[in-house]
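Work through the following exercises with the sequence and the 3D structure at hand. Each task is followed by its solution.

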Amino acid sequence: MGKAPFPEPKSLTQRPQWRALTEHRGQIEHRHLRELFAADRSRGERLVAEAAGLYLDFSKNRITDETLRLLQALAEACAIRERIDAMFRGDKINATEQRAVLHVALRAPPGERFLVDGRNVVPDVHAVLDRMAAFSDRVRGGGWTGHDGRRIRNVISIGIGGSDLGPVMAYEALRNYSRRDMTFRFVSNVDGTAFSEAVRDLDPGETLFIICSKTFTTLETLTNAHAARAWCLRGLGDKKAIARHFVAVSTNADEVAKFGIDLENMFGFWDWVGGRYSMDSAIGLSTMLAIGADNFRAMLSGFHAMDEHFRNAPPDRNLPLLHGLLAIWNTNFLDAPTVAVLPYEQYLKRFPAYLQQLTMESNGKHVTLAGERVDYQTGPIYWGEPGTNGQHSFYQLIHQGTRLIACDFIGFCQTLNPLGDQHDLLMANMFAQSEALAFGKTADEVKAGGTSDELVAHRAFEGNRPSNTILAEKLTPRTLGALVAFYEHSVFVQGAIWNIDSFDQWGVELGKALAKRTADEISGTNEPVLGHDSSTNALIRRYRGLRK
């Protein structure tokens with residue numbers, strides 16, 4: 001492995017800026033948001049930032065101006081400016097794989113320049129986008145037909161991880177803009193139920209499969225792809241049909257051709273695009289088929305607007321930088337181990353799941369860039385559900401539980417589906433929840449409401465629970481792009497402070513390797529010689545005995 005691209009001290013926790021924050025925590029961790037708001041009547045208008053159509057209110061975090069100053073000092077000491085520049089410059093900041101990290105190039109306008117090994121990759125990006133757009137227009141317009149001449153009415157995207165979570169999230173988020181006379185489904189799980197249910201009511205002659213696998217060797221994806229191929233052949237009876245009903249998003253032309261897909265219908269991407277950062281690459285072909293090329297390009301413009309803001313905005317107005325630093329504060333200094341992502345927008349129902357991979361696969365690391373064990377927490381656990389559903393399930397724990405949980409509320413001023421006053425009620429709930437988390441309800445306030453003494457403790461709310469509120473005008477393709485880029489860059493900031501590699505994912509490799517070995521042992525007809533631990537051996541034997 002190459003040398004770590006940035007120098008580091010023996011430990012982050014030994015930096016004077018970290019120690020200053022630790023000392024500061026002792027001064028502020030027991031101060032209440034009630035007190036902080038009472039002392040600064042303009043706090044709610046002052047501790048905000050705005051860019052690319054997003055408004056970030058971070059005033060309900062347990063912070064003061066001094067907290068922000070100390071966090072900015074930590075960022076400066078951790079060379080955050082240099083690290084941002086290195087990413088945009090195309091340096092190989094993915095140190096363990098010696099790769100550039102240039103998802104920002106995927107949404108750059110044609111005149112921009114992003115260099116990888118001295119080559120401007122922007123023309124390559126737009127060449128693929130143009131091919132995607134031409135193909136999308138043909139399918140949507142009826143020019144591309146199935147093997148027997150019928151129009152394509154169903155699209156099934158097969159992938160896993162970043163090749164699935166991004167596209168399915170984007171489709172659900174932008175369903176309002178999608179073709180309603182077409183059906184879009186997504187298969188990732190190797191569980192046969194996932195594929196069977198996806199195709200149960202479809203006609204192979206009207207169905208197009210998009211196989212998303214950079215190497216075209218990913219076990220789960222290829223298993224589902226071969227199931228799709230068999231299903232298609234059973235219905236159409238001709239191997240030539242594969243070329244009309246399958247396209248690939250891959251870089252492995254040999255394997256794609258071997259599968260039966262015409263290489264004219266292979267859309268490529270590059271090793272400087274990580275899977276969880278790839279929804280705006282050819283991996284997003286299903287998104288483009290659903291919403292059209294113009295809306296897809298509008299989404300890219302939102303990504304780019306946030307990229308430029310992150311690259312150029314001053315630190316005290318920089319949305320992703322502020323959000324990332326607040327995550328450091330809540331995780332490492334206030335001991336909040338999780339983040340609840342709470343979109344008050346039904347179209348964003350898959351957004352928390354998307355963020356789980358983006359954040360936890362990126363920053364779930366236990367060693368620094370130099371391979372030294374960290375002595376601080378990294379990678380908080382992300383989870384969540386849309387409001388108001390969550391209010392009637394897990395909000396109880398956030399309000400009155402023993403764990404401190406940081407929250408991100410996401411809302412929109414305009415609804416895409418006006419229905420009486422329901423959107424006003426939805427947003428009233430969002431604002432009320434963030435207010436209740438911040439300020440709670442004291443025992444005296446509970447008593448003043450006439451509650452009996454024996455119930456006061458049960459009905460009091462401590463409050464002082466940190467949250468951010470992200471507000472936008474309306475959920476559009478451009479807004480979604482800006483929102484995703486906002487979180488991408490926040491994750492980058494957190495990883496830069498923790499001095500970890502946010503762009504590799506070695507933790508998923510061991511399980512994959514063991515699964516391949518175990519699959520061979522399970523599938524054989526003869527009793528295998530098992531060399532696992534006693535628990536795994538016993539489980540395999542029990543499964544083999546009962547599977548039929």
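This is a predicted model: local features need pLDDT of at least 70, side-chain atom pairs count only at pLDDT 80 or more; totals for chains, interfaces and linings use all residues.

**Exercise 1.** Determine the strand order of the open sheet of 6 strands, and state which strands stand at its edges.

Solution. 
- Step 1. Trace the pairing across the open sheet: the order is S1-S2-S13-S12-S10-S11, and the pairing is mixed.
- Step 2. From one strand to the next, the twist averages 15°.

**Exercise 2.** Describe how strand S10 is joined to S11.

Solution. 
- Step 1. S10 covers residues 338-343 and runs parallel to S11, with 3 bridges between them.

**Exercise 3.** Find which strands helix H14 lies across.

Solution. 
- Step 1. H14 (residues 319-333) lies across S1, S2 (54-57), S12 (405-412) and S13 (467-472).
- Step 2. Relative to S1, H14 runs at about 140°.

**Exercise 4.** Classify the packing of helices H7 and H15, and list the contact residues.

Solution. 
- Step 1. The axes of H7 (residues 162-173) and H15 (residues 351-363) are 9 Å apart, at an angle of about 150°.
- Step 2. Angles over 145 degrees count as roughly antiparallel, and H7 and H15 are therefore roughly antiparallel to each other.
- Step 3. The crossing of H7 and H15 is left-handed.
- Step 4. H7 contributes Gly162, Leu165, Gly166 and Met169 to the contact, and H15 contributes Phe351, Ala353, Tyr354 and Gln357.
- Step 5. By type, the residues of this contact are 5 nonpolar, 3 polar and no charged.

Technical notes: Residues are numbered from 1 along each chain as its sequence is written. Side-chain values use heavy atoms; hydrogens and water are left out. Two strands pair if DSSP finds at least two bridges between them. Helices (H or I, at least four residues) and strands (E, at least two) are DSSP runs, numbered from the N terminus. Axes are lines fitted to C-alpha atoms, for helices over the stretch in contact, and angles run from 0 to 180 degrees between N-to-C directions. Contact means heavy atoms within 4.5 Å. Angles under 35 degrees count as roughly parallel, over 145 as roughly antiparallel, 65 to 115 as roughly perpendicular and the rest as oblique. A crossing is left-handed if the near helix is turned anticlockwise from the far one by less than a right angle, and right-handed if clockwise. Ala, Val, Leu, Ile, Met, Phe, Trp, Tyr, Cys and Pro count as nonpolar, Asp, Glu, Lys and Arg as charged, and the others, Gly among them, as polar.
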